[in-house]
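Hi,

Here is the structure I promised to pass on.

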Amino acid sequence: MRIASWLLLLAVAAGGCRARPVAPLATASPRPRLVVLLVIDQLPSWSFEPRRHLFRSGFARLLERGVYVPHAELPYAASSTAPGHAALATGRPPASTGIVANAWYERGSESLRWAEHDDTDSLHPLGGDTVGSGVSPRRLRGAGLATVLERATGGRSHTIALSLKARAAVMLGGHDADVAVFYDPAQVALTTSTYYGREPPAWLRALAEQQPIAPRLAWRWQAEDPELLARETGIPDDAPGESAPLGMSTRFPHDLGAAPEPHRALGVTPLADRLVLEAALHAISAEGLGLDDDPDLVAISLSAHDDIGHVYGPESWESLEHLLWLDRALGELLLALDERIGEDRYAIVVTSDHGATHTPEWSHAAGLDAWRVRPSDVEAAAEAAAQAIVGPGDWVLDGHGPTVYLDQAARSLPAELQDQVLDAMAEAIADVPGVGLVMRTDRALGDCDQHRGTAALVCRSIDPERSGEIYFTPRPGSVVMSPPDQATGHGSANPDDRLVPAMILAPGLAPRRVPEPVSTLRIAGTVAHLLGVSLPDAAEPIE
């Protein structure tokens, strides 16, 4: 499996990121009036494909009646939430959108900036008086689906983006969404930012008042069929490597109400996705989306699969149980859209922002090499290398990856001396157990199609203003994290983190399986095509 994954990596990377001329996606007939882009956070192909035989509802309908791409591939290395959602909504890689990570260090202030945070805005208080700082898409560069749809219809179309995570909703909605809705744990409510208006939508305020979240937190997550989970995963419920998130147990059942902070532990249960899906259907009904001749877009990101995979592991009982729950929930969503919009008046595109690495303990049990690369070890190696050249000092600002940031003192060194320091740091980081490729980001810039292999993936992931000076990726099967924080992670250039499924269901679209890898940058073009608009910078639609 590892060898095949690396061959896929090399084959796709060698092809560059320029879209090859392809026949457009067959025109849906009739043209859908509502298009739903549904992103399931952290859904690796290696996990989804072998479990197809278990699906009975929503996934089964998509696989039987739609276009299925088993290996949609991120053609860049930044396999994290904010970069992935930005790429899906714009059709452009992180180097173009500027969303190179979930957070990055700002030059000069040396402060960490989250991709979605914006102090010039504030959150609407829909669940209490305490609200967090605002969010906006201002750090996102370029136009996304909402912008081109707004321009094409003279503002008559609507775009609504929803997720538990603010960064996911904001990046999917882009600059011109009518609203991006997300969960604020401080309020225990779904809310939005003043970026989208001085007042929240009436339907969102009514939802907060009529269906408050707090009373639903006394919730118990049960395993519906423990025997099936044991048989299909081949591991015990409490497997090595699992962590206990926010006071929750590592074994079923998971009693949310007994957690010390149930409003925060919510994210590692299916209830998180239930709340987002309910809000999406509420918005569709309240706004009358899909009922007139101007197409509308609803972009939904379901976050729980990511949090569950991080803390319990993507091989766990919890991850499989949640995937089966998603199958049922997706089936319910499709039936609701059939009834409200009409089966021949809407389309849905389902994919993921990134995959995940196997839990290292699972890999060890399977006889595979795997490491947990400690960021502190990376920082220590880089610091020691620098000090050997320029003496004592703090030369590294951050080394959590995938890029290492130099401190201001190191960036102020004469160019020739800084060059020596960077080379020495890169060589030292490469010697840290579990580290794979290491390269200076200044040597990965330029025309990305002139690079080959992982260097091309890195090129499409970095920005000279926002990325660190050294990029490193763990070896296949390894993760960058300090145990026992989480079971596993993602964010590397490795195939397990970059291969995800994609499914398209639209009126008049013949069902088929696309066997070859397809760039995820083509998702945005596909959604735009279904909406009847053009997204100029996006890759061609999936043929």
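Ser-45 touches Pro-50, Pro-70, His-71, Leu-499, Val-500 and Pro-501, leaving aside residues up to four places away in sequence; contact here means heavy atoms within 4.5 Å. Ser-45 sits in helix 2 (residues 45-48). Helices (H or I, at least four residues) and strands (E, at least two) are DSSP runs, numbered from the N terminus. With a relative accessible area of 3%, Ser-45 is buried, where buried is under 20% relative accessible area, exposed is over 50% and partly exposed is in between (1.4 Å probe, protein chains only). Between the C-alpha atoms of Ser-45 and Gly-134, which are 89 residues apart along the chain, the separation is 34 Å.

A word on where this comes from: it is a predicted model, so local features need pLDDT of at least 70 and side-chain atom pairs count only at pLDDT 80 or more, while totals for chains, interfaces and linings use all residues. Residues are numbered from 1 along each chain as its sequence is written, and side-chain values use heavy atoms, with hydrogens and water left out.

Next, the helix packing. Helix 3 (residues 58-65) meets helix 13 (residues 317-340) at an angle of about 70°, and their axes are 6 Å apart. Axes are lines fitted to C-alpha atoms, for helices over the stretch in contact, and angles run from 0 to 180 degrees between N-to-C directions. That makes helix 3 roughly perpendicular to helix 13; the labels are roughly parallel under 35 degrees, roughly antiparallel over 145, roughly perpendicular from 65 to 115, and oblique for the rest. On the helix 3 side, the contact is made by Gly-58, Phe-59, Ala-60, Arg-61 and Leu-62. Helix 13 contributes residues including Leu-323, Leu-326, Asp-327 and Asp-338. Sorted by class, the contact of helix 3 with helix 13 has 8 nonpolar, 2 polar and 3 charged residues. For those classes, Ala, Val, Leu, Ile, Met, Phe, Trp, Tyr, Cys and Pro count as nonpolar, Asp, Glu, Lys and Arg as charged, and the others, Gly among them, as polar.

Helix 13 also packs with helix 11, here at an angle of about 10° with the axes 11 Å apart. Helix 11 and helix 13 are therefore roughly parallel to each other. Among the residues making this contact are Pro-270, Asp-273 and Arg-274 of helix 11 and His-322, Trp-325 and Leu-326 of helix 13. By class, the contact of helix 11 with helix 13 has 10 nonpolar, 3 polar and 4 charged residues.

Helix 11 (270-287) turns up again with helix 8: the buried residues of helix 8 pack against helix 11 as well as strand 7 (159-163), strand 8 (179-184) and strand 9 (189-191). Which residues of helix 8 (residues 202-210) are buried? They are Trp-203, Leu-204, Ala-206, Leu-207 and Ala-208.

Now the cysteines. The count comes to 1 disulfide, taking a disulfide as a pair of cysteine sulfur atoms within 2.5 Å. The partners are Cys-448 and Cys-459, with sulfur atoms 2.1 Å apart. Cys-448 lies in the loop between strand 17 (435-440) and helix 18 and Cys-459 in helix 18, so the pair ties together parts that are 11 residues apart in sequence. The link of Cys-448 and Cys-459 is left-handed, with -80° about the S-S bond, and both cysteines are buried.

Asp-463 is buried, at 6% relative accessible area. The Asp-463 side chain makes a polar contact with the side chain of Arg-141 (2.6 Å). By polar contact I mean a pair of N or O atoms within 3.5 Å; within protein, one must be able to donate a hydrogen and the other to accept it, and residues adjacent in sequence count only if both atoms are side-chain atoms. The backbone nitrogen of Glu-465 lies 2.9 Å from a polar atom of the Asp-463 side chain.

Lastly, some backbone details. Most residues other than glycine have a negative phi, and most peptide bonds are trans. A cis peptide bond joins Phe-252 and Pro-253, with omega about -5°, and the bond from Gly-401 to Pro-402 is cis too, with omega near 5°. Glu-110, not a glycine, has a positive phi of about 55°. Glu-110 is in the loop between strand 3 (103-106) and strand 4 (111-114) and counts as buried at 18% relative accessibility. Val-188, in the loop between strand 8 and strand 9, also has a positive phi, near 55°.

Cheers
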